Amino acid sequence: MKSFYSQILVHIDPSAQTTGRLRLASALAHADGASVTGLYAATSAQSGLAYAPEAGPEVVRAQIELDELNAAQARAAFDAAQASAPTRASWAQVKDAPIVSAFVQQAFFADLLVMGQPDPGRNTPLHVPADFVESVVVASGKPALVIPYIGVTSNLEGSAVIAWKPTRETARAVAAALPLLQRAREVHVVSWDAQELAVGGERLGLAAFLKAHGIEASFHLQGKETADLGEMLLSRAFDFQAELLVMGCYGHSRAREWVLGGVSRTILNSMTLPVLMAH
């Protein structure tokens, strides 16, 4: 049973990484006959003025001009990427802050989000909040294909790795990744101490689920979880020369703040391959 994406939403910002996101989203959409929307969402340069009451009209005007310049440059990059794209994308733009809430509202109507890893070095302007990706994934409940900061050169049709854990988050990620897993040359499932509750009779399982969707997977039990599980997972993905990692996005609530779990944080900080995650 072939699975498809119908609507893909791509995050657009003033960074150079936007073009790579668009190209990959367009290639995926072309394979599925999906629609693509590029949504420009970037933190306003004026946001810092609330903490600088001494700023005069000239400063405010300069910040407004910077916002307009950033948006214009992003639109120019978007239009240039469309010139050779197999699937044309529609342009949309967030007009008001907070940008996370606006992006989440649009994400509700997409099958897949395509977003970018934040700059690990933080030596370029911070166009979006540092926790933008995980905030959108958690608040929208939608799966996100996160592209590493260094970019991606393939259409994700090589090796894929599923980081399996018997949880809601991982199950949702696997279901969302089916169109990509069906195109992958090979699929590997890695798990650490993934002990599942005993069920008698004709029990369901991941191998049968994947096979029902035309996916033959190899399973690799890694033993007990360790403190450096995030690094271990990236290492195993490298061993398999993976072009895609599928995993759940985990965290916990602390007071009124959502805190990213250790493995998810490590992956988002150190990833060198696209990661499809869901919460």
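In which sense do β5 and β12 pair, parallel or antiparallel, and over how many bridges? I looked this up first: β5 and β12 pair in the antiparallel sense, over three bridges. Pairing here requires that DSSP finds at least two bridges between two strands. Helices (H or I, at least four residues) and strands (E, at least two) are DSSP runs, numbered from the N terminus.

**Basis**

I note that the model is predicted, that local features need pLDDT of at least 70 and side-chain atom pairs pLDDT 80 or more, and that totals for chains, interfaces and linings use all residues. Residues are numbered from 1 along each chain as its sequence is written, and side-chain values use heavy atoms, with hydrogens and water left out.

**Chain**

I counted eight helices and 12 strands in the chain. Buried residues make up 47% of the 279 residues; buried means under 20% relative accessible area, exposed over 50%, and partly exposed in between (1.4 Å probe, protein chains only). The chain exposes about 14,100 Å², and carbon and sulfur atoms supply 53% of that area. Accessible areas come from the Shrake-Rupley method with a 1.4 Å probe; for residues, only the protein chains shown count as cover. I also checked contacts (heavy atoms within 4.5 Å). Among those between residues at least 6 apart in sequence, 80% join residues at least 24 apart.

**Sheet**

I traced an open sheet of 10 strands with mixed pairing, in the order β3-β2-β1-β4-β5-β12-β9-β6-β7-β8. The edge strands, β3 (89-93) and β8 (217-221), each pair on one side only. The twist averages 25° from one strand to the next. Axes are lines fitted to C-alpha atoms, for helices over the stretch in contact, and angles run from 0 to 180 degrees between N-to-C directions.

Strand β2 (residues 35-40) pairs with β3 in the parallel sense over five bridges, and leucine 39 stands opposite alanine 92 in β3. Strand β1 (residues 7-12) runs parallel to β4 and is joined to it by three bridges; valine 10 has valine 114 of β4 as its bridge partner.

β9 and β12 pair in the parallel sense over four bridges.

How many residues of strand β4 (residues 112-116) are buried? Five of the five are, so β4 is largely enclosed by the rest of the structure. In a regular strand the side chains alternate between the two faces of the sheet. In β4, Leu112, Val114 and Gly116 point one way and Leu113 and Met115 the other. β12 is likewise covered on both faces, with Val275 and Met277 buried on one side and Leu276 and Ala278 on the other.

**Cores**

I looked for nonpolar cores, that is, sets of buried Ala, Val, Leu, Ile, Met, Phe, Trp, Tyr and Cys residues joined through side-chain atoms within 4.5 Å. The largest has 43 residues, and those with the most contacts inside it include Ile8, Leu145, Leu210 and Leu276. Helix α5 (residues 168-183) gives the most to this core, with seven residues. Apart from it lies another core of 38 residues, among them Val104, Met115, Val146 and Ile267. I listed the contacts of leucine 210 beyond four places in sequence: Ile162, Val174, Leu178, Leu181, Val189, Ile215 and Ala217.

**Helices**

Helix α1 (residues 18-32) lies across β1, β2, β4 and β5, at about 175° to β1. α5 lies across β5, β6 (159-164), β7 (186-191), β9 (242-248) and β12 (275-278), at about 150° to β9. The axes of α1 and α5 come within 12 Å and cross at roughly 85°. That makes α1 roughly perpendicular to α5; angles of 65 to 115 degrees count as such, under 35 as roughly parallel, over 145 as roughly antiparallel and the rest as oblique. Leu28, Ala31 and Asp32 of α1 meet Pro179, Leu180 and Arg183 of α5.

**Two single residues**

Threonine 266 is in helix α8 (residues 262-270) and is buried, at 18% relative accessible area. Serine 44, in the loop between β2 and α2 (57-82), counts as partly exposed at 29%.
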